[in-house]
Amino acid sequence: MTSTPYLLSPMYDEFRAAARTVAEKELGPRAAEVDERGGFPHDNYATLVAAGLHAPGIPEEYGGDGVDAIASAIAIEEVARVCASSSTVQTSNKLGVVPLLLAGTEEQQQRYLPEVAAGEALLAYAISEREAGSDVAAMRCRAVADGDDWVLDGVKTWITSAGVAKYLIVFAVTDPEEGSRGISAFVVHADDAGISYGEPERKMGLKGSVTREVYFDRCRIPGDRLLGDRGKGLRLALGTLDHTRVSVGAQALGIAQGALDVAVDYVRERRQFGQAVADFQGVQFMLADMATKVESARQMVYAAGARSHARSSDLTYFGAAAKCLASDVAMAVTTDAVQLLGGYGYTKDFPVERMMRDAKITQIYEGTNQIQRIVMARQLLRTR
C-alpha cells in the first residue's frame with residue numbers, strides 16, 4: 001500500500017470499509033455486553049480472527065496479512081470506534097509481535113508468528129512492575145542462568161491479556177551490576193512450570209480486556225527463549241514502544257471518532273426549545289472543535305504509522321506525539337460527547353459514558369502522557 005502526503009490511496013479506504021463492516025455488524029452490537037460482564041471477549045476474539053483483524057501487520061512469510069503500519073492503525077481505529085475492549089486484542093498482539101520482528105531469530109519468528117497470525121495464540125507483553133512503571137529500568141524481576149536454562153523469579157503488574165495469552169514477552173534483570181544494561185527479554189509460555197496469575201484487576205474502563213499480575217516462581221525456561229542479545233532488553237523494550245505507541249494512538253483515535261459519531265447523531269435527533277439541538281450555534285461550535293481535534297489526531301497517528309513502517313530515525317518522536325495527542329483528544333472528545341448528550345450521556349443507555357471510561361487509560365498505559373512529553377522534548381533538544 002502506498003500513499004501521497006496527506007491523502008491515502010483508495011486501497012486504504014477499501015481496507016477501512018471492510019474493517020468497519022465487521023466492527024459495526026458484529027462487534028458493536030456486543031460492546032455494551034462486553035463492558036457489562038467483563039472478562040475476555042472470546043466471541044469477539046473469534047470474530048476478529050475470522051476477519052483477519054486480530055493481528056494486523058504480521059509479514060506474509062509468517063502467514064500474516066503483511067499490511068503496513070498505517071493499515072494496522074486503521075484496523076485498530078475501526079475496532080476501537082465501536083468496542084475499545086476488543087481492540088486490545090490487536091494492541092496486545094502488536095506488543096508481542098514487534099519485539100519478535102525486531103530481535104527474534106528466524107527460528108523464533110517461525111515458531112511463534114504463524115500461530116499468532118492464524119489466531120491460535122494471543123501474545124502478552126510483560127514489562128511493568130509495582131515499582132517500575134514509568135521507571136522501567138527499576139524492575140526487579142530476575143532471570144538467572146542455570147546451565148543451558150534460565151530461571152525467572154519476580155512479579156509483573158498490569159499485564160494485558162495475562163492468563164489468556166499463550167505466550168508472553170517478559171523482561172527481566174540478568175546482570176544486576178549493569179543497571180539498565182543488565183535487562184534481557186525472554187519468551188515465556190503460559191504453560192511453563194512456575195508461572196501463575198493474580199485476580200483480574202477491577203478497572204474503570206476496558207472491562208473486556210483482562211489485566212492481571214503475573215508471578216514467576218522458579219520458572220524455568222530453555223536458553224533458546226532469550227529474545228535478542230543478553231543485556232539489550234531495555235533497548236528492545238523502548239524500541240518496541242516506539243512502534244506500538246502508534247497503535248495506542250490509533251485506539252484512542254477510534255474511541256474519539258466513535259464518540260463524535262454518537263454525539264452528531266444524537267444532536268440531530270434531539271429537540272429542545274422547538275428545534276433540533278444541532279441548530280444551536282454553541283453546539284455547532286463544540287462539534288466543530290471536536291471534529292478538528294479528531295482529524296488532527298488522525299493525521300498525527302498516520303504520520304507516525306508511516307514512520308513506523310519505514311523505521312525512520314524520527315519514529316521515537318512521532319510515536320510519542322501520536323500517542324500523546326490522540327489520547328488527550330480521546331479524553332476531551334468523549335467528555336464533550338457526554339456533555340452534548342446531557343443526562344443521557346451519563347447513563348449506560350448510550351455508549352459515550354463507556355467511551356469516556358475507556359479513553360482514560362490511553363493517557364496512561366505504554367507510558368503516561370507526561371512521559372511522552374519528556375520523550376518528545378528530549379528528541380527536540382537532541383536535534384538542535
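## Strand β6 and its partners

Ala126 belongs to the pairing of strand β3 (residues 123–126) with β6, which runs in the parallel sense over four bridges; two strands are said to pair if DSSP finds at least two bridges between them. Strand β7 (residues 183–189) is joined to β6 by seven bridges, and these two strands run antiparallel, with Val173 standing opposite Ile183 of β7. The names of such elements come from DSSP runs numbered from the N terminus, where a helix is a run of H or I with at least four residues and a strand is a run of E with at least two.

How many of the seven residues of β6 are buried? Seven of the seven residues in this strand (residues 167–173) are buried, so β6 is largely enclosed by the rest of the structure. Here buried means under 20% relative accessible area, exposed means over 50%, and partly exposed lies in between, using a 1.4 Å probe and protein chains only. In a regular strand the side chains alternate between the two faces of the sheet. In β6, Tyr167, Ile169, Phe171 and Val173 point one way, while Leu168, Val170 and Ala172 point the other way, and all are buried.

## How the model is read

Residues are numbered from 1 along each chain as its sequence is written, and side-chain values use heavy atoms, with hydrogens and water left out. Because the model is predicted, local features need pLDDT of at least 70 and side-chain atom pairs count only at pLDDT 80 or more, whereas totals for chains, interfaces and linings use all residues.

## The nonpolar cores

A nonpolar core is a set of buried Ala, Val, Leu, Ile, Met, Phe, Trp, Tyr and Cys residues joined through side-chain atoms within 4.5 Å. The largest one has 65 residues, and those with the most contacts inside it are Val267, Leu287, Met290, Val301, Val333 and Val352. At least two residues of this core come from each of α1 (10–27), α3 (42–51), α4 (69–82), α5 (84–103), α7 (233–269), α8 (281–310), α9 (315–341) and α10 (352–362), and the largest share, 13 residues, is supplied by α7.

Leaving aside neighbours within four places in sequence, Leu287 is in contact (heavy atoms within 4.5 Å) with Leu260, Ala263, Val264, Val267 and Leu340. A second, separate core has 29 residues, among them Ala117, Ala121, Tyr125 and Leu227.

## Helix α9

Helix α9 has 27 residues and reaches 38 Å from its first C-alpha to its last, which is close to the 39 Å expected at 1.5 Å a residue; the expected span is 1.5 Å times one less than the number of residues in the helix. This helix is mostly covered, with 19 of its 27 residues buried, and just after α9 Gly342 takes a positive phi of about 60 degrees.

## Salt bridges

The structure holds 24 salt bridges, each defined as a side-chain nitrogen of Lys or Arg within 4 Å of a carboxyl oxygen of Asp or Glu. In one of them, the side chains of Arg16 and Glu77 meet at 3.2 Å, N to O. Arg16 lies in helix α1 and Glu77 in helix α4, so the pair ties together parts that are 61 residues apart in sequence. Arg16 is buried, with a relative accessible area of 16%, and Glu77 also counts as buried, at 1% relative accessibility. A network of salt bridges links Arg16, Arg20, Glu77, Glu78, Glu295 and Arg298.

Another salt bridge joins Glu213 to Arg130, whose closest N and O atoms are 2.8 Å apart. Because Glu213 lies in strand β9 (residues 211–222) and Arg130 in the loop between β3 and β4 (142–146), this pair ties together parts that are 83 residues apart in sequence. Glu213 is buried, with a relative accessible area of 11%, whereas Arg130 is exposed, with a relative accessible area of 57%.

## Gly231 in its loop

Gly231 has its place in the loop between β10 (226–227) and α7, and this glycine is buried, with a relative accessible area of 12%.
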